[in-house]
Amino acid sequence: MKGLWRFYGLALESAPVRTQMASSAVIWAGGDLSAQLLEQKLAARSKRRHGASGSSSPLAIDWRRTGVQTGYAGLVWAPGAHFWYEALDRIAHSLARAGTRRFVAAKLALEMVALHPVSLVAFFGCVGIAQREPLVDVAQQIRRDLPPSLALEWAMWLPLDAANFACVPVRHQLLVVNCGCFLESIALSFVKANGFALPGAH
């Protein structure tokens with residue numbers, strides 16, 4: 001494991017954008033597959049609760065959906081996030097001294113106010129268009145699901161980012177972000193497919 005982490009660190013130094021594109025693609029692919037598994041388990045549980053009989057259906061993976069999520073993560077999210085975090089660091093350094101509470105607060109405020117709303121609109125828009133959904137449906141989902149999705153993002157990332165910016169050495173902060181992105185990818189894949197309704201719910 002230590003050798004793998006060292007290899008990843010060297011790859012980040014030599015080709016940061018390409019390495020982050022590849023790692024984000026893998027993380028989001030895993031997140032979407034996990035979301036699909038969760039959806040099918042919830043749907044099966046709902047059927048049992050409502051008295052449906054018969055054997056459980058085999059796991060069916062929508063590989064096109066996984067491919068779209070993977071493509072979004074690798075081609076849109078990762079390059080955008082790479083340049084965003086570089087800009088975030090420069091802006092925060094212009095506002096406060098590194099390591100101070102003001103520095104951490106500046107980074108958190110910029111993350112919550114600037115990054116998350118834009119990244120959510122980009123996610124719903126890019127994934128919806130890539131899945132050939134009508135533009136009116138894409139716009140409707142953004143209007144419907146953006147506010148609760150943003151609240152969910154803030155609830156997850158505010159404490160995680162605060163701890164990351166304040167306590168974790170800079171060279172290890174990306175690992176924390178990647179762990180958070182895996183959980184985020186599960187949640188966003190689920191919301192993109194279902195909104196905020198549980199699969200199988202009446």
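Predicted model: local features only at pLDDT ≥ 70, side-chain atom pairs only at ≥ 80, totals over all residues.

Visitor: Why is Arg132 called exposed?

Guide: Its relative accessible area is 73%, and the word exposed is used for values over 50%, so Arg132 is counted as exposed.

Visitor: Which residues have the most contacts inside the largest nonpolar core?

Guide: That core has 26 residues, and those with the most contacts inside it are Trp28, Tyr72, Trp77, Phe123 and Cys181. Two or more residues each come from helix 2 (16-49), helix 3 (63-95), helix 4, helix 5 and helix 6 (170-194), and the largest share, eight residues, comes from helix 4.

Visitor: What does Tyr72 touch, not counting residues up to four places away in sequence?

Guide: Tyr72 touches Trp28, Trp77, Ser119, Ala122, Phe123, Cys126 and Val127, where a contact requires heavy atoms within 4.5 Å.

Visitor: What makes the space inside this structure a cavity rather than a pocket?

Guide: A 1.4 Å probe fits there but cannot get out, and therefore the word is cavity, whereas a pocket is open. The structure holds one cavity of 30 Å³ or more, and about 100 Å³ of space lies in the largest cavity.

Visitor: How do the residues lining the largest cavity divide?

Guide: They divide into eleven nonpolar, two polar and two charged, and among the 15 lining residues, Trp77, His116, Ser119, Glu153 and Glu184 lie nearest the centre. Helix 4 gives the most to this lining, with five residues.

Conventions
Residues numbered from 1 in each chain as written. Heavy atoms only, no water. Buried < 20%, exposed > 50% of the residue type's maximum accessible area, 1.4 Å probe, protein only. Core = buried A, V, L, I, M, F, W, Y, C linked by side-chain atoms within 4.5 Å. Helix = DSSP H or I, 4+ residues; strand = E, 2+ residues; numbered from the N terminus. 1 Å grid on protein atoms, 1.4 Å probe; cavity = no way out; pocket = protein on both sides within 12 Å on 5 of 7 lines; lining within 4 Å. Points joined across faces, edges and corners; volume = space filled by probe spheres on them. Nonpolar A, V, L, I, M, F, W, Y, C, P; charged D, E, K, R; others polar.
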